[in-house]
Amino acid sequence: MADGRAAAQLSEAAQSELLDMCEEQFAQLEKLQNEIILCEPDFCENPQEQSVKRLIATEAELKQWSTVEPQLLAENPKILLEAGKEEMHKLCSELEMVASCYEAKRDKLKETMELEQKWLEENKQMLAAASGHNERLQIEKEKLSEHTVLQDIKEKIQKMKVYQERLMETLGYILEKHIPLPQEDSSTNKKKKNVPHEIHENLISLNEILEILMNKALNTPHDPYVVIDDTFWPPYVEMLLRYGIAVRHHENNFKIRLETFF
């Protein structure tokens, strides 16, 4: 109890001393302010000059105060301890606020970083999957490109062969039906029948004539002409020439070739 009372008395004494010091400093401040007011002139003909003088005086005072060493307002350690405690509490409170703000900012940045890392990892996985798929496609393309080209060419050739065979079959059917080989009349006598029979046996059909002309044009395009012999029935040759399917040689009338249709 005695110690508590002593501490309380010391605290009241320190507080009283501090109040006295404040009243003393306030009185000194009033005195200085009154002196400044009394020193200032009420009127100045040149306000700019007065402002310059005030600025010079203020700079001189600032320079003087900067050279003065700071002194403690109170020498009582109790007062200094309480003032230091108050400043420390205030500083600690401010530091706690700053630390709290930085912790919240750190947590937010940490959360953002985790999301960015997750997004980056997903993108890396997608990129790796896309790169692997692209590599597989490139390998398959390299392996299958030549094979595919050859296979396509073979299929096209086969289709063309089938189409050509159908065309030839259709052409043979049409020629056989509508333009047959010349037949001998059964009403003629036996003597007349024997002579042309030998001639008719050597004749070839219009389908065969066209096939000969086409093979000649394809096999020897530099010399596509075919010599007309006894196997070519003249009406067939005349029909081919008249309808522009074949043309004669410009120097030899016994040679014909297939007309160029391209």
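Modeller: Before we start on contacts, I count two residues as in contact when they have heavy atoms within 4.5 Å. Please also keep in mind that this is a predicted model.

Colleague: Okay, what is Arg257 in contact with, leaving aside its neighbours within four places in sequence?

Modeller: With those neighbours set aside, Arg257 is in contact with Leu213, Pro224, Tyr225, Ile245, Ala246 and Val247. Arg257 itself belongs to strand S3, which covers residues 255-258, and its side chain makes a polar contact with the side chain of Tyr225 at 3.2 Å.

Colleague: Which side chain of opposite charge is nearest to Arg257, and how far away is it?

Modeller: That is Glu259, at 4.1 Å. A salt bridge here requires the side-chain nitrogen and the carboxyl oxygen to be within 4 Å, so Arg257 is buried yet has no salt bridge.

Colleague: How many salt bridges does the structure hold, then?

Modeller: There are two salt bridges. One joins the side chains of Asp107 and Arg106, at 3.7 Å from N to O, and in the other Glu238 pairs with Arg242, where the closest N and O atoms are 3.9 Å apart.

Colleague: Where do Glu238 and Arg242 lie?

Modeller: Both are in helix H6, four residues apart, which is about one turn of the helix. Glu238 counts as partly exposed because its relative accessible area is 37%, whereas Arg242, at 64%, is exposed.

Colleague: And Asp107, how accessible is that one?

Modeller: Asp107 has 42% relative accessibility, so it counts as partly exposed.

Colleague: Changing topic, what is the volume of the largest pocket?

Modeller: The volume is about 590 Å³. Of the 22 residues lining this pocket, the closest to its centre are Leu210, Met214, Leu258, Glu259 and Phe261.

Colleague: Which element gives the largest share of that lining?

Modeller: Helix H5 does, with seven residues, while H3, H5, H6 and S3 each supply at least two residues of the lining.

Colleague: One more: is His249 buried or exposed?

Modeller: His249 counts as buried because its relative accessibility is 17%, and its place is in the loop between strands S2 and S3. The side chain of His249 reaches two backbone nitrogens, that of Glu251 at 3.0 Å and that of Asn252 at 3.3 Å. Not counting residues up to four places away in sequence, His249 touches Tyr225 and Lys255, and Tyr225 is also among the residues in contact with Arg257.

Conventions. Residues are numbered from 1 along each chain as its sequence is written. This is a predicted model: local features need pLDDT of at least 70, side-chain atom pairs count only at pLDDT 80 or more; totals for chains, interfaces and linings use all residues. Side-chain values use heavy atoms; hydrogens and water are left out. Buried means under 20% relative accessible area, exposed over 50%, partly exposed in between (1.4 Å probe, protein chains only). Lys and Arg count as positive and Asp and Glu as negative; His and the chain ends are not counted. A polar contact is a pair of N or O atoms within 3.5 Å; within protein, one must be able to donate a hydrogen and the other to accept it, and residues adjacent in sequence count only if both atoms are side-chain atoms. On a 1 Å grid over the protein atoms alone, a cavity is a set of points where a 1.4 Å probe fits but cannot get out, and a pocket is an open set with protein on both sides within 12 Å along at least five of seven lines; lining residues have an atom within 4 Å of a point. Grid points are joined across faces, edges and corners, and a volume is the space filled by probe spheres set on the points.
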